[in-house]
Amino acid sequence: MSCKEVLESISSYLDEDLKEEISVEMHKHIGKCSDCRAEFDTLTMTIKLYKHSETPQMPAGCHDRLIKTLEIEKMRAKQGGGEPDTNPTGV
Amino acid sequence: MAQELKALPDETLVLRAQEDDDRAFGELVGRYETKVYSLAMKMLRNPEDAEDVLQETFLRAYRGLKSFRGNSTFSTWIYRITANSALMKLRKKQLPTVSIEDADEREAPINIVDWAPGPMEQLLTLETRQAMADAIEALPAEFKQVFVLRDVEGHSNADVAEILDLSVAAVKSRLHRARLKVRNHLTRFFNDTRGQKAMGARS
């Protein structure tokens with residue numbers, strides 16, 4: 001297995017999403033190639049760092065403003081003003 | 001009553017909300033508002049924009065509720081609306097994003113120095129968090145969606161595919177490219193900060 005092949009599959013390797021025989025090959029390669037080892041280590045740490053990102057908190061008043069917006073929309077809908085959205089996801 | 005709503009699964013709340021039970025819809029808002037805000041904030045990195053997306057998402061959900069057929073779960077549906085609203089926002093603001101095609105143009109080759117050994121806690125400084133957010137911001141919008149959903153919010157490849165209406169193969173391919181770009185960004189950051197520290201130590 002070449003370094004190029006290792007690099008192409010490294011993301012799936014990290015996700016344990018490869019056939020076992022390929023995974024074993026990758027493991028062997030990374031064990032003896034310092035460049036690919038660095039690729040593997042830094043990618044692993046990158047993913048680990050983001051797993052520990054903080055969840056952004058909603059600012060004060062944000063929830064109340066949302067509820068108010070929805071209240072206005074409900075009133076509009078009840079007065080027959082609002083158009084139903086048939087494609088809300090926009091896909 | 002509120003207690004009773006809390007115990008109900010999403011599907012039941014959706015059915016009730018579709019029959020104009022506003023309290024049921026309110027319960028769904030309560031369940032998902034922080035998640036929606038968090039996803040928007042991670043993609044847009046600006047509290048006002050994230051709040052716009054939050055409002056837009058629930059307005060669109062409210063208006064479109066009757067067209068929701070339960071082909072996916074409510075959570076997938078609401079994340080899809082969020083991810084698309086955030087994408088529209090990114091495009092409208094014309095933030096300095098790169099197209100997917102340009103993104104794979106060869107970056108200046110960087111020497112991958114292994115900055116990873118050692119405990120994660122040591123790496124996770126305030127400056128690192130800043131660099132991590134910068135790295136996401138530098139991604140093309142379509143990569144940003146996939147990376148944030150998968151590696152920041154922790155959804156599976158299959159869920160991300162469903163949320164973004166992509167094939168799993170497309171998700172994996174974008175994820176791979178996004179991860180390499182983000183890692184390269186962090187590598188440059190660690191190379192720079194360590195270089196500066198070394199210089200400081202010498203003087």
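Predicted model: local features only at pLDDT ≥ 70, side-chain atom pairs only at ≥ 80, totals over all residues.
1. A residue counts as buried here if 20 or more other C-beta atoms lie within 10 Å of its own, with the C-beta atoms placed from the backbone.

2. On to the fold of chain B.

3. How is chain B divided? The domain assignment gives domain 1 (1-95) and domain 2 (97-203). Where these two meet, 13 residues of domain 1 and 15 residues of domain 2 take part in the contact. On the domain 1 side, α3 and α5 of chain B each supply at least two residues, and α5(B) gives the most, with seven residues. That side of domain 1 has seven nonpolar, two polar and four charged residues.

4. Now the largest nonpolar core, which has 55 residues. The ones with the most contacts inside it are Ala40(B), Leu44(B), Leu54(B), Ile78(B), Val146(B) and Phe147(B). Among the elements, α3(B) gives the most to this core, with eleven residues. Why does the core lie between the domains of chain B? Because domain 1 (1-95) and domain 2 (97-203) both give residues to it.

5. Phe147(B) deserves a click in your viewer. Setting aside neighbours within four places in sequence, Phe147(B) is in contact with Ile136(B), Leu139(B), Val152(B), Leu175(B), Ala178(B) and Val182(B). There is also a second, separate core of seven residues, and its members include Tyr13(A), Met26(A), Ile30(A) and Leu43(A).

6. Last, the interface between the chains. Here 47 residues of chain B are in contact with 36 residues of chain A. On the chain B side, the elements giving two or more residues are α3 (22-44), α4 (47-64), α5 (74-93), α7 (120-123), α9 (141-152) and α11 (168-202). Which of them gives the largest share? That is α4(B), with eleven residues. By class, the side of chain B that touches chain A divides into 24 nonpolar, nine polar and 14 charged residues.

Key:
Residues numbered from 1 in each chain as written. Chains lettered and ligands numbered in written order. Contact = placed C-beta atoms within 7 Å. Helix = DSSP H or I, 4+ residues; strand = E, 2+ residues; numbered from the N terminus. Nonpolar A, V, L, I, M, F, W, Y, C, P; charged D, E, K, R; others polar. Domains from an automatic or database assignment. Core = buried A, V, L, I, M, F, W, Y, C linked by C-beta atoms within 7 Å. Buried ≥ 20, exposed ≤ 12 C-beta atoms within 10 Å, placed from the backbone.
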